[in-house]
Amino acid sequence: MPILKEKLNGDIKTVYFEESPMMSTYLVAAVVGLFDSVEETTADGIRVCVYCPPGRSENGKFALHVAVKALELYTRYFSVPYPLPKLDMVAVPEFSGGAMENYGLIIYRENDMLHDELQSTAAKKQLVAMHEVAHQWFGNLVTMEWWTHLWLNEGFATWVSYMATDNLFPEWKVWTQFLQFTASGLHMDSLEKSHPIEVEIIHARAVLEIFDAVSYEKGSAVIQMLQSYLGDAIFQKSLSSYMKRYAWKNAKTEDLWSVLTEESGVEVTNLMDTWTKQKGYPLISVNLNGHILEFEQSQFVLSGLAGEGLWIVPITLCLGSYERQKKFLLETQCAEIDISDLFNSSINGLGLSEEKDPEKFKENFWIKINIYQRGFYRVKYEDKLAAQLIKAIESNYLSAADKFGILDDSHALCQAGKQSLSSLLTLMDVYRKDSDYTVVSNLIDVCYNIVKIYYDAFPDSVDNLRQHFINILLPSAERLGWESVSGEPHLNVLLRGEIFMALASFGDEKTHEDAIKRFESLLMDKNTPLLSADTKRAAYIAVMRKTTVASRNYIESMLSIYREADTVQEKERILRHLAASPDPDIVLEILNFIVSDEVRDQDIIYGFSGISLEGRETAWKWLKDNWDFILNKYGTGVLFTCFITDIIAPFSSNEKADEVEAFFANRTTPAFAMNLKQSIEQIRIKARWVQNIKQEESLPELVKQLASKG
């Protein structure tokens, strides 16, 4: 709350604040320190102040702008004003979480709030402020009844922050980017060791393990699915009613469903209980029999085992055009839908029929399920329908969202053993001409995952696979170039960084040559125009991939840049790629550096995420040898998770899973038990995937042909 008065008595100053409103104790915070600040007042008279490290107030102006606009937007959207007279946002030098939405006093890591036009990436810019400001309504004004309903805080704050970002920066196309977020939730929730969105929490300390992709990513995705089903206007009106009814109170999931049911006339509770009270989600298998579409739902589990879930699924589909749509609720395991009306309108719209011009009809005929990927489920098409969708992608008939979904579903089906890697590679080749940021970014992620698994299945052939992926990505790299163009779209900036990082990771020699020259320019001039904030990471990957014990020049240079960096953004970039060396001895050296006093505790999460494939075994041995030291230094809080997920999960053999289980047999605590089980499950899933790939005996020859095709 604002300062009421101050009294000075010698060396002691007493500060009196206005009385705070009623709030949950976890939202109370106080910050004491030396800060510079910038401030602004909203149209409603709310004072917004951003506190920055001394001398960095200029870097707080973007967060200030976003916060002011977000407060005004959320006030309009919820029809409920921001309830406090001020909002302070503070960048602190050490914070285990990314940010915390304390009422009227939001705390951030410096690199998550401060924006430097020269040092901050385009991706970081998108994350500033929106989520935590949204919590001032979802979480603070209306607070979850107990941690079981954590998702009401995190899922809704995530969803509404995307809504606000899209309103303020429509050119960023964040709802298409939201699919990357959804994909993370789909992956996590396809594990046997997943959990429902609403998971019973007995002890508050156990809540840390559910600050995960189910609460955030799945939570926000099912909200979007419900919004799409009910319609924007009804959904917004319902949220406004919910806010007014439960302001300054606690609420549970059923309270929100009740308000939505009242406002919409739809029985929301029955629909949504299938999504929040059971883990997992459905795979929708689709067959076409004449003019009848046959649907069957079954729980999708990456391990390949049969699940027992049953959902009420909002199905949407279109035939040959987004103007010809149909939607229905799939409430049973199987259903049939007559789409003859869509066939007829398709024939009339195209001026042709299957009988009169069968080839032309086939060329324009396709069926897409889950339009714009608004539903939280995967789709498996019969072969003929799948082939028609590939042609639709080639002809650019589909939206970016639907192209994303088709590739993401195929990738998951391949992981689960329901589709061959050969067919996935064939599909990926169709995407080489695509230029949409989110589509190409997803393509890159799929490339990374396949290389990691292929490395263990066919090590002698992995260089051919890398070359094939280089060939797929080179057109985008040539179109964008290394250097930014004044006034270019924000999404081009995002894509440039990711494309060159991928090419550097896959070992493209031309990229390595260019990257090293630019890196050497950076050593001469830290403000060189040859490397932007978004392309530096590609250069750092390239030089670390050339680093060995016998050739240490680049690692010494990287460590010097880290030590001399005067911005947290640059230190983060360096840390993310120091362990990318193919030399296990260098990886060991970096692991010890990451846990040294030279690296802030909060930043270890960046260092472990970039461990090379060649360094996996070294990292695992290091973890075992240093287990007691790690526990004593970091405890088992938020930061500890990265030791499990980044060092254990990358393996892909049952033998390694057994070894991990044996090591942790008497070392597991409730604080990380779920994360450990999920990591071991992921090892076994990948082990199964490796075995499936090995059974495709002709795969190395196919990969060789694809690599030579260019």
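This is a predicted model: local features need pLDDT of at least 70, side-chain atom pairs count only at pLDDT 80 or more; totals for chains, interfaces and linings use all residues.
**Entry 1**

I count a residue as buried under 20% relative accessible area, exposed over 50%, and partly exposed in between. With that noted, I looked up tryptophan 248, which is partly exposed because its relative accessibility is 33%. Tryptophan 248 sits in the loop between α8 (232-246) and β9 (249-251). Its phi is near 65 degrees, a positive value in a residue other than glycine. Most residues other than glycine have a negative phi.

Asparagine 370 belongs to the loop between β15 (367-369) and β16 (378-381). Is asparagine 370 buried or exposed? It is buried, because its relative accessibility is 1%.

Next I checked isoleucine 369.

**Entry 1: the nonpolar cores**

Which residues have the most contacts inside the largest nonpolar core? I noted Tyr74, Met89, Phe295, Ile369, Phe608 and Phe643, in a core of 232 residues. Apart from that core lies another, of eight residues, including Met144, Trp147, Val199 and Val207. In soluble globular proteins, nonpolar side chains tend to be buried together.

Valine 638 lies in the loop between α26 (627-634) and α27 (641-645). Valine 638 is partly exposed, since its relative accessible area is 43%.

**Entry 2: threonine 253**

Threonine 253 is part of helix α9 (residues 253-264). Its relative accessibility is 0%, so threonine 253 counts as buried. Which side chains does the side chain of threonine 253 meet in polar contacts? One is the side chain of histidine 149, at 3.1 Å, and another is that of tryptophan 151, at 3.0 Å. Not counting residues up to four places away in sequence, threonine 253 touches His149, Trp151, Leu152 and Glu198.

**Entry 3: aspartate 189**

I placed aspartate 189 in the loop between α6 (174-188) and α7 (214-230). Aspartate 189 is buried because its relative accessible area is 1%. Its side chain makes a polar contact of 2.7 Å with the side chain of lysine 218. Beyond four places away in sequence, the residues aspartate 189 touches include Ser194, His195, Lys279, Tyr281 and Phe376.

**Entry 4: salt bridges**

How many salt bridges does a search of the whole structure find? It finds 43. Side chains of opposite charge can pair when their charged atoms come close. I wrote down a few examples.

- Lysine 326 pairs with aspartate 341, the closest N and O atoms being 3.0 Å apart. This pair links distant parts of the chain, with lysine 326 in strand β13 (residues 325-330) and aspartate 341 in helix α11 (residues 340-350), 15 residues apart. Lysine 326 is partly exposed at 23%, and aspartate 341 is partly exposed at 39%.
- Aspartate 408 pairs with arginine 378, the closest N and O atoms being 3.0 Å apart. Here helix α14 (residues 400-415) holds aspartate 408 and strand β16 holds arginine 378, 30 residues apart. Aspartate 408 is buried at 9%, and arginine 378 is buried at 3%.
- Aspartate 514 and lysine 510 meet at 2.8 Å, N to O. Both lie in helix α19 (residues 509-524), four residues apart, about one turn of the helix. Aspartate 514 counts as buried at 18%.
- Glu39, Arg47, Lys86 and Asp88 are linked in a network of salt bridges.

Serine 476 sits in helix α17 (residues 462-480) and is buried, because its relative accessible area is 4%. Where is serine 476 relative to aspartate 436 in space? The two are 9.9 Å apart, C-alpha to C-alpha, and 40 residues apart in sequence. Leaving aside neighbours within four places in sequence, serine 476 is in contact with Asp434, Val440 and Ile499.

Last, I looked at lysine 694, in helix α29 (residues 673-694). Lysine 694 is partly exposed, with a relative accessible area of 38%. Lysine 694 and serine 679 are 15 residues apart in sequence and 23 Å apart in space, C-alpha to C-alpha. Not counting residues up to four places away in sequence, lysine 694 touches Asp456, Ala457 and Phe458.

Key. Residues are numbered from 1 along each chain as its sequence is written. Side-chain values use heavy atoms; hydrogens and water are left out. Helices (H or I, at least four residues) and strands (E, at least two) are DSSP runs, numbered from the N terminus. Buried means under 20% relative accessible area, exposed over 50%, partly exposed in between (1.4 Å probe, protein chains only). A polar contact is a pair of N or O atoms within 3.5 Å; within protein, one must be able to donate a hydrogen and the other to accept it, and residues adjacent in sequence count only if both atoms are side-chain atoms. Contact means heavy atoms within 4.5 Å. A nonpolar core is a set of buried Ala, Val, Leu, Ile, Met, Phe, Trp, Tyr and Cys residues joined through side-chain atoms within 4.5 Å. A salt bridge is a side-chain nitrogen of Lys or Arg within 4 Å of a carboxyl oxygen of Asp or Glu.
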